[in-house]
Amino acid sequence: MDGVIEDASRFTLPSLPPAWSPPSEPASSISPLVQRRLIPAGAAYLAHIKRTLNNHTFDEYDQQLEEERKRLELLNADGLNGEDDLGVGDEEESPELLLLDAKEWKKQDHYQVLGLSHLRYKATPEQIKIAHRKKVLKHHPDKKAGASHTTNDDAFFKCIQKANEVLTNSERRRQFDSVDPICLSLEEDDPSASDFKGREKDTAFFFKTFAPIFEREARFSKKIPVPMLGENDDSKENVHAFYDFWYNFDSWRSFEYLDKEVNEGSDNRDDKRYTEKKNKSERARRKKDDITRLRNLVDLTLGLDPRIKRIKQEEKEAREAKKKTKGGMSAAEQKAKAEEDKRKAEEEAQRKEEEDKVARAEAKKAKTAAANAAKKARRQQRAADTDEAAPS
C-alpha cells in the first residue's frame, strides 16, 4: 500500500499544449447566491409517503398497486357481466318506464329507474354508483345512436341522470325516501280492526301482520336502536319497553319532496312567498297526519297483542295467589291491609279522575284549535280565491 502511495506522489501531469491560453473573464458579474426552499413533491415522493405510512416494502407496495389497478379495471369495465357489479341495475325495464317524461322527474320512482327496486332505501352508495354506470352505458344517447329508432332515448337518459342526482345526495335521498311511492302504497294497505275479526286468538297471524310494518317504520326513527315487535314469549319488561318507545316515536320523516315548485318564469315575490307559505302548511299537515297514522297503528297493535292479554292474566293470577296467603295474617294485619288497599284505591280513583279531567280539557282545547284552524284556512282560501279572481 505504501508503494502505491509513493508511486502516486511521483506522477507528473502532462504539459499544456502550446496553443492553450487561460479563459477570459466573463463580461457580466456572477449573480448573487439565493437561498430557495425545496418542497418534496411528485409521484415518487407520494409513493414514498404511502410506503412509510403503511410500513410497506417496495414489493408489497407494487402488489397493492397491481390489486388496485385490477379493481379499477373491473369497475370501469362494461358493467354487464363483471363480477364486481354487486348484482344491481339489471332489473327488467318495462315499456312504461322507458317512456317516462324527464320533465315529470318528481313523479318517477328513482330506484326503479336505476334498477334498484328490490333494494330501495337499503341500497348502498356503491350499489347506486354501479347501477347508474350500467344504465348510462346502456342508454347513453351516443351509444344508442344508429342502434335504435326510439325517440325517447334521450328523455330516459335524463331520467337516469336525475335519479342518480337525487339518490347520491343524502339530504335529497332522505326527502325522497320519506315519500317513497312503494312505501306510501304499503301504508294504504295497513291492517284495520276489521281484518282481525274472528282471528283475535290467531297469534301467528298477529305477528306475521304487524312485524313487517314496524320494521318498515323503524327506518324513520331518530333514535337507534329501534325495538322490534318481538315474539309471543317476550317478557313483560320487553313488551312495555316496545310500546313506550313507539308511543314516543321521534321521526325524521319530512315531506319537502312534495312541495309545489315556484314558477320558474315568475319574479313576483308575493307569488313566491305565497307558495312557500302554502308548502310549509302542507308539510305540517302531512307530518301531523303521519304521526296520527302511526299512533293509531300502535293503538291497534296494543289492543290485539296476545302478550298483553297474557301479562294481564299473569298479574290477575298473582293477585289471587297473594289473596290466598292472607290466611296466615292476624286480624289486625288484615284490617290494616284492607285499609291500605282502600286508601290506594281511593287515590287511584282520584288520580284517574284528574287525568280524565285533564284529558277532557285537552281534547276540548284541541277541538277548539282545530275548529279555529279550519276557519282560518277557509278565510285564507276565500282571500286567495278573491285575489285570483280580481282583475290584474
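Ring pairs link F214, F242, Y243, F245, W246 and F249 into a cluster, where rings of Phe, Tyr and Trp (the six-membered ring of the latter) are taken to pair if their centres lie within 6.5 Å, and where planes under 30 degrees apart count as stacked, those over 60 as edge-to-face and the rest as tilted. The model is a predicted one, in which local features need pLDDT of at least 70 and side-chain atom pairs count only at pLDDT 80 or more, whereas totals for chains, interfaces and linings use all residues. Residues are numbered from 1 along each chain as its sequence is written, and side-chain values use heavy atoms, with hydrogens and water left out.

The structure holds 15 aromatic pairs. One of them, formed by F176 and Y257, is edge-to-face, with 5.4 Å from centre to centre and 70° between the planes. This pair links distant parts of the chain, since F176 belongs to helix α9 (residues 170-178) and Y257 to the loop between α12 and α13, 81 residues apart. Both F176 and Y257 are buried, a term that denotes under 20% relative accessible area, with exposed meaning over 50% and partly exposed the range in between (1.4 Å probe, protein chains only). For W246 and F249, the ring centres are 4.7 Å apart and the planes lie at 0°, so this pair is stacked. W246 is buried at 2% relative accessibility, and F249 is likewise buried, at 16%.

The loop between α12 (236-247) and α13 (269-304) also contains S254, which counts as buried at 16% relative accessibility. The side chain of S254 makes a polar contact of 2.5 Å with the side chain of E256; a polar contact is a pair of N or O atoms within 3.5 Å, of which, within protein, one must be able to donate a hydrogen and the other to accept it, residues adjacent in sequence counting only if both atoms are side-chain atoms. Apart from neighbours within four places in sequence, S254 is in contact (heavy atoms within 4.5 Å) with Q175, S178 and V179.

In helix α11 (residues 203-218), T209 is buried, with a relative accessibility of 18%. A polar atom of the T209 side chain lies 2.7 Å from the backbone oxygen of F205, and, when residues up to four places away in sequence are not counted, T209 touches P191 and F196. The C-alpha atoms of T209 and D190 are separated by 9.0 Å, the two residues being 19 apart along the chain. I182, in helix α10 (residues 181-188), is by contrast partly exposed, at 37% relative accessible area.

The chain has 15 helices and zero strands, helices (H or I, at least four residues) and strands (E, at least two) being DSSP runs numbered from the N terminus. Of the 392 residues, 26% count as buried.
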